[in-house]
Every structure is written in C-alpha cells, then in structure tokens.
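Subject: Structure handover, ligand site and pockets

Hi,

Here is the structure for your files. My notes on the ligand site and the pockets follow below.

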Amino acid sequence: MDQLLVALDVDTAAEARALADRLRGIVGGFKVGSRLFTSEGPSLVEELASRGDRVFLDLKFHDIPNTVAGAVAAATRLGAWMVNVHASGGSAMMRAARAAADGEAARASRPTPLVIAVTVLTSLDQQTLPEIGLEASMTAQVERLAALAEASGLDGVVASPHEIDIIRRRCGRRFAVVTPGIRGAGDQPGDQRRTMSAAEALAAGASYLVVGRPIIAAADPRAAAERIAAECRHVAAS
Ligand code: C5P
C-alpha cells in the first residue's frame, strides 16, 4: 500500500532495520524522524534509500532560510524521498527549501524530494493553541499555513486528518496532504489529539498516512501493517 508510511520511531539502527525488513513490501515507505536521526545519523537514511525504500526525512526544519536550504540540500544528497519544514518558518524559508531541493537534485543528478510543510502539530488542539500565542481557530490556522506553503511552491503539508477537507478546498487536489494521528478503534491515542482511522483519513482525501505506534508498538508489526493496508485498499477500491 503505497500511501502507508511507517514512522520508525525507535532508538537504534538495528531496530529500524528489523522493522523495515519486516514491513517492506506491505507499506509504501518509512519515516525517519528526529529520534532515530539523532541517535543514528544520516547513514541509516542513505542505507534505506539505497535499498530502494522511500524515506520521509521528518526533521521539521525551522530556521533561517539559508540554514534550512543547506539542510534540505543535504537531505536531497542522502536520497530522501520526502522532507519537511515548519510552515510557521514563513514563506522566505519555504521558498529557500524548495529552491535547495530543486537545485541540489539537478546538481547531483538525484530525484527531487517532495518538500512539504508542517501546519500545526497533531498533538496540539484548540485548547493548547493559545499557549503558543495563537488565538485563531485551529481550522483557520491550518488553512492559513497550508495556503502559505502552496504559495511558496511546496508540494503539500502535514496535517491532522480532520483538516484534510479544508486544505483540499483551499489548495486543490494535486497538493499532497500527509496525515499522522491515525488510530484504530482499539488503539491508544497517546499524545495525539486529533485522530482518525486510516480508512476515514483516506476517504477524507489524505495522500499519505503516517502511522507509528499502532504498527511499531504492536505485538506483531507486520500483521498490524497488513491490517491497516487492507483497510486502505478497501477504501481505494470503493
Ligand atoms: O506513533 P504515531 O502514529 O502517533 O506517530 C506519528 C508520527 O508522525 C510521529 O513520528 C510524529 O513525530 C509524526 N508527526 C505527527 N504530527 C505532525 C507531524 C509529524 O504526529 N504534525
């Protein structure tokens, strides 16, 4: 199932490799986030990419444009298939990320990674937005940042499944919406606040689903991934 991306939120390359080996062929790619990247560094990204795995390098860059451009260029050289930045870094930062991905891919004769932006973390909700000085409604804030990402030339956004509809209406069908916060009926929400099942998120128009704990913390990760992939295929066929 191409649209299902598994978050390899583990501490060691050995655990990540073992998960990737069990899940390859069932899922559409692997997400390497700050936990694994900080533990094991870029070589694991290179290793997975050179095996042909699609790697979403989820480091959510948020810095001055020149620094973000350098980081996105480095991710492109590693062979990342998708990278992300925080939309709240602003349009100049996102344009710099776009230019770096395009420029480095051309210079190094590598595929251009998808560059997407995080709108509002799925662990935040309407009650916690004021903590960070945001008085807007969640929907308005997500819509605003998605529109800014699109205007800055990015390929899509990371957003809660609950905001897919508003993003689709504002940014169109070709704009990718990557949705974490996927939980089945029996799964623990953990720190995720705005959740939906995989089938519901796809039916709502998600381009890709990012699933972590419901797969990697399952007693049998392969069976859990197969179950979610089957649920997704069912939606695709209907
Ligand atoms: O374990 P779980 O399914 O909640 O994992 C979701 C993954 O997606 C985590 O790696 C998390 O860092 C990431 N993510 C998120 N919300 C965002 C962006 C990324 O949960 N807005």
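Some ground rules. This is a predicted model, where local features need pLDDT of at least 70 and side-chain atom pairs count only at pLDDT 80 or more, while totals for chains, interfaces and linings use all residues. Residues are numbered from 1 along each chain as its sequence is written, and side-chain values use heavy atoms, with hydrogens and water left out.

**Ligand**

Now the polar contacts (pairs of N or O atoms within 3.5 Å). The side chain of Asp9 has an N or O atom 2.7 Å from a ligand oxygen. The side chain of Thr122 has one 2.7 Å from a ligand nitrogen. Gly212 uses its backbone: an N or O atom there is 2.8 Å from a ligand oxygen. On its own the ligand has 470 Å² of accessible area (Shrake-Rupley, 1.4 Å probe). The protein covers 88% of that.

**Largest pocket**

The ligand takes up the space of the largest pocket. A molecule sits in a pocket if more than half of its atoms lie within 2 Å of the grid points. A pocket is an open set of points on a 1 Å grid over the protein atoms alone, with protein on both sides within 12 Å along at least five of seven lines; lining residues have an atom within 4 Å of a point. The volume, the space filled by probe spheres set on the points, is about 630 Å³. The lining has 28 residues, and Asp9, Lys31, Asp58, Lys60 and Gln192 lie nearest the centre. Strand 3 gives the largest share, four residues. By class, the lining has twelve nonpolar, eight polar and eight charged residues.

**Second largest pocket**

This one holds about 160 Å³ of space. Its lining includes Ile182, Arg183, Asp187, Pro214 and Glu231. The classes are six nonpolar, two polar and four charged.

Best wishes

Terms used
A polar contact is a pair of N or O atoms within 3.5 Å; within protein, one must be able to donate a hydrogen and the other to accept it, and residues adjacent in sequence count only if both atoms are side-chain atoms. On a 1 Å grid over the protein atoms alone, a cavity is a set of points where a 1.4 Å probe fits but cannot get out, and a pocket is an open set with protein on both sides within 12 Å along at least five of seven lines; lining residues have an atom within 4 Å of a point. Helices (H or I, at least four residues) and strands (E, at least two) are DSSP runs, numbered from the N terminus. Ala, Val, Leu, Ile, Met, Phe, Trp, Tyr, Cys and Pro count as nonpolar, Asp, Glu, Lys and Arg as charged, and the others, Gly among them, as polar.
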